[in-house]
Amino acid sequence: MPRRRGAVRYAQSKTRFEAAAGLIEGGVCAFKFSTFEAMPGRFPRVEEDDLLHAFQLIAPSGLACAVHNQMQEMTRKNIQRMIAENDTGWDSFMRAHTPLIENLATAQLYEIGAVTGARAHAVHVSTSRGFEIYKMYKNAGDPVTIETCVQYLMLNHEEHAFKLGAKTKHYPPIRPKAESELLWTHIAQGDCTFVSSDHVSWGLERKGEPNIFKNSSGGPGLETLLPAMWTGCEQHGISPNTLVQLLCRNPAQHFLLDDRKGSFDTGKDADFVILNPETYRFDPSASLSAVTWSSFVDMEFTVRVEQTWCRGQQVFNRGNIVNQAGYGQFLRPRRVA
């Protein structure tokens, strides 16, 4: 019977992944998987044999195969042990999610990419070792990419997690300041493909449990991505040109949208922002997001987004959305030769 159940599970997963062909034809620009089941249904765990099969199906399209890189069994053992010991305070989450849990999964996804030829992409990497693993595969000629999030660069465990508790709970966790400074070294060296926000707009009712493990992970980040990243680059002596690469050019290339996006070349969409050099403390109470809290609350930024233009039309002006609903367009990724 166990063998039969395994065969059924494999047949079901194989059928499910066969839908990739239709998604590719429909115009998706990437695929994302998770090796950790953060939420059944929304983020199910994709086991290694299934991940291999999915990468094999997607590889010919040239689309990126992104993976939330986390070892599920190690994570759950740590959490179960800590709950049994009543070790569930604000600092427990980081200690339960060790760097090894993330780094092993990073190496695993890149190895599957190397075997299949797929474009393997590690999402929201929070450790310097993760970037070192990435560079090993890149230097070997594999088509790998890597991403971190602005919170891993601008927040740290000692200061922000201590002060804000579950508001800073993310997968993976916010790391110590020494680790975030190492990440900035990789940013300066050009090792990072792009930086994202990993935005999710949970209400604070999902962040108020004394037991850190009972809170939802993630937080709002769309409005703070650019000003926080600009501020961090200024603090670390990193050029605005690098910022443009990380937030504009490289993402457009990564998602195969660079025939329309990512630069001011003739024929491309006129997408740009106008920034005002201004020092202020971020106040999320006037946020245009679905929630009015942020783990970046009271952080000092050195630039403010004044205007945003999309395809030559102004869509945001000094705190107000000024375009009409429905102005967006569906973009198909360019074909890979």
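Here are my entries, in the order I looked things up.

**Entry 1: what I am looking at.** I noted before anything else that this is a predicted model.

**Entry 2: a pocket.** I picked the second largest pocket and looked up its volume, which is about 600 Å³. How many residues line the second largest pocket? I found 26 residues, and those nearest the centre are Ala 38, Met 39, Phe 43, Tyr 171 and Ser 217. The largest share comes from α4, with four residues. I also sorted the lining by class and got ten nonpolar, nine polar and seven charged residues.

**Entry 3: a cis bond.** Tyr 171, which I had met close to the centre of that pocket, turned up again here. A cis peptide bond joins Tyr 171 to Pro 172, with omega at about -10 degrees. I placed Pro 172 in the loop between α9 (157-164) and α10 (177-189).

Entry 4: I stopped at His 124, which is not a glycine and yet has a positive phi of about 25 degrees. Where is His 124? I found His 124 in the loop that lies between β3 (119-122) and α7 (128-139).

**Entry 5: a sheet.** I then followed an open sheet of four strands, ordered β6-β7-β8-β9 and paired in the antiparallel sense. Why is one side of β6 and of β9 left without a neighbour in the sheet? Both β6 (272-281) and β9 (320-321) stand at the edges and each has a single partner strand, so one side of each has no neighbour there. For β9, I checked the pairing with β8 (residues 313-317) and counted two bridges, antiparallel. Asn 317 stands opposite Asn 320 in β9.

**Entry 6: helices by the sheet.** Helix α11, residues 222-235, lies across β6 and β7 (300-310) and runs at about 135 degrees to β7. I looked up how α11 packs with helix α12, residues 240-254: the angle is about 145 degrees and the axes are 10 Å apart. Their crossing is right-handed. On the α11 side I listed Leu 225, Leu 226, Met 229, Trp 230 and Cys 233 as making the contact, and on the α12 side Pro 240, Leu 243, Leu 246 and Leu 247. I sorted the residues of this contact by class too, and they come out as nine nonpolar, no polar and no charged.

Definitions and conventions:
Residues are numbered from 1 along each chain as its sequence is written. This is a predicted model: local features need pLDDT of at least 70, side-chain atom pairs count only at pLDDT 80 or more; totals for chains, interfaces and linings use all residues. Side-chain values use heavy atoms; hydrogens and water are left out. On a 1 Å grid over the protein atoms alone, a cavity is a set of points where a 1.4 Å probe fits but cannot get out, and a pocket is an open set with protein on both sides within 12 Å along at least five of seven lines; lining residues have an atom within 4 Å of a point. Grid points are joined across faces, edges and corners, and a volume is the space filled by probe spheres set on the points. Ala, Val, Leu, Ile, Met, Phe, Trp, Tyr, Cys and Pro count as nonpolar, Asp, Glu, Lys and Arg as charged, and the others, Gly among them, as polar. Two strands pair if DSSP finds at least two bridges between them. Contact means heavy atoms within 4.5 Å. Axes are lines fitted to C-alpha atoms, for helices over the stretch in contact, and angles run from 0 to 180 degrees between N-to-C directions. A crossing is left-handed if the near helix is turned anticlockwise from the far one by less than a right angle, and right-handed if clockwise.
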